[in-house]
Amino acid sequence: MARGLWRAVPALAAALAVACASAAIVAGPAQAYRTAVWVRGHARGRALPSNYLGVAFTYKPIEGWVGPPSRPVDPVLVRLIRNLAPHGRPLLRIGGESADHSWWPIRGYRKPFGITYNLTPGFAVAARRLAEAANARLMLGVNLQADRPALVRVESRELLRRIGARYIQSFQIGNEPNLYTVIPWYKMLDGHPVPQYSKVGTPVFARPPDYGPAEFADEVYRMLRVMPKYPVAGPETNPAPFLAAFTRFLHPTGRAVTLTSHAYAGNKCTVDPSQWRFPTVPHLLSLAASRDQLAGIGHYIGVAHGRGDGFRVDELGTVSCSGKWGVSNTMASALWVMDTLFSFDDSGVNGVNLHTVRGVNQLFVPERVHGRWRATVGPWYYGALMFTQA
């Protein structure tokens, strides 16, 4: 895309969106920005990697979304993935928060209280079939929150053996370790564990209050000693101290191939309406929501590139904490994601995975109804599709 058009398109889209939002919400005449657009006859800038746009899944829905081995893989799901990476091998992230609540059951080993999902041979078959059908590679999360090397050893070896190196790009150890002291791993109610999202029960945290980046890096090192000699990625979060701690695992001395970060336009847990992360449509359409996502961590893009590795935002979403109705599921999210993706590209990010979950935040949700596959597609998928076509 011509450099002049690159800069003008997102600015114009954001300006029009802000104008529309203002007209709908605030009484009085709509305010708009004016901008000039130049289209030149030659392309400038770097070519995007063929796997630049991918999808981020959690573990639990994969088997149901792919379908049973007796039938072909859901063609609607495959097409939705391929639309975002039509010329290469898509990179799919499977894990996220679900990685720290999953395990591969070990005979004679008591399941830790924070585990809510069992990885099985059936899951491995579904993941491999999806990768084959979409010609994709996978980034697979393994459990760090349990802090038990035996779990990581078995889980990583079983996944690698059953899915195969052809389809696995890397393993990711844990998810958002900066929240291990903030969000409960599980809760206890009447002497029994209940999931961390339960509205009742006493919170139990996986780490003590003084847990930080140094302790996280030491845990990753211990897990690497029991895992297969295979590429890894991390730290699966965006605070700069955790990114800094994970750089010790980058090439040439380590096995990490990608620094990974997360980004959300808003946070439903933010209570101050004046903060741009407070989820409203005007905030979603602000330039801060699309262009300040990498504030304070852009340095680590250069660090990764300097080591010959990549930097990937492997979990991008509209509003964290399960999304917000009337914000996450509006067409404003399409304009937001388009400008965000252009901004990430300009910053040197090597790829982005759009978080796909059922509910208000959904990118898409496939399902089988009356013997036929179909999908519900969220508004921001269309913004991502426009970016891909541009």
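Glu315 is buried, with 5% relative accessibility (buried means under 20% relative accessible area, exposed over 50%, partly exposed in between; 1.4 Å probe, protein chains only). This is a predicted model, in which local features need pLDDT of at least 70 and side-chain atom pairs count only at pLDDT 80 or more, while totals for chains, interfaces and linings use all residues. Residues are numbered from 1 along each chain as its sequence is written, and side-chain values use heavy atoms, leaving out hydrogens and water.

Let's turn to the salt bridges. A salt bridge is a side-chain nitrogen of Lys or Arg within 4 Å of a carboxyl oxygen of Asp or Glu, and by this rule there are 11 salt bridges. Three of them are set out here.

| Pair | N to O distance |
|---|---|
| Glu315 and Arg93 | 3.0 Å |
| Arg161 and Glu158 | 2.9 Å |
| Asp339 and Arg291 | 3.0 Å |

Glu315 sits in strand β12 (residues 310-320) and Arg93 in strand β2 (residues 91-94), 222 residues apart; strands are DSSP runs of E, at least two residues, and helices are runs of H or I, at least four, numbered from the N terminus. Arg93 is also buried, at 0% relative accessibility. A network of salt bridges links Arg93, Glu236, Asp314 and Glu315.

As for the remaining pair, Asp339 is buried at 4% relative accessibility, and Arg291 is partly exposed at 37%.
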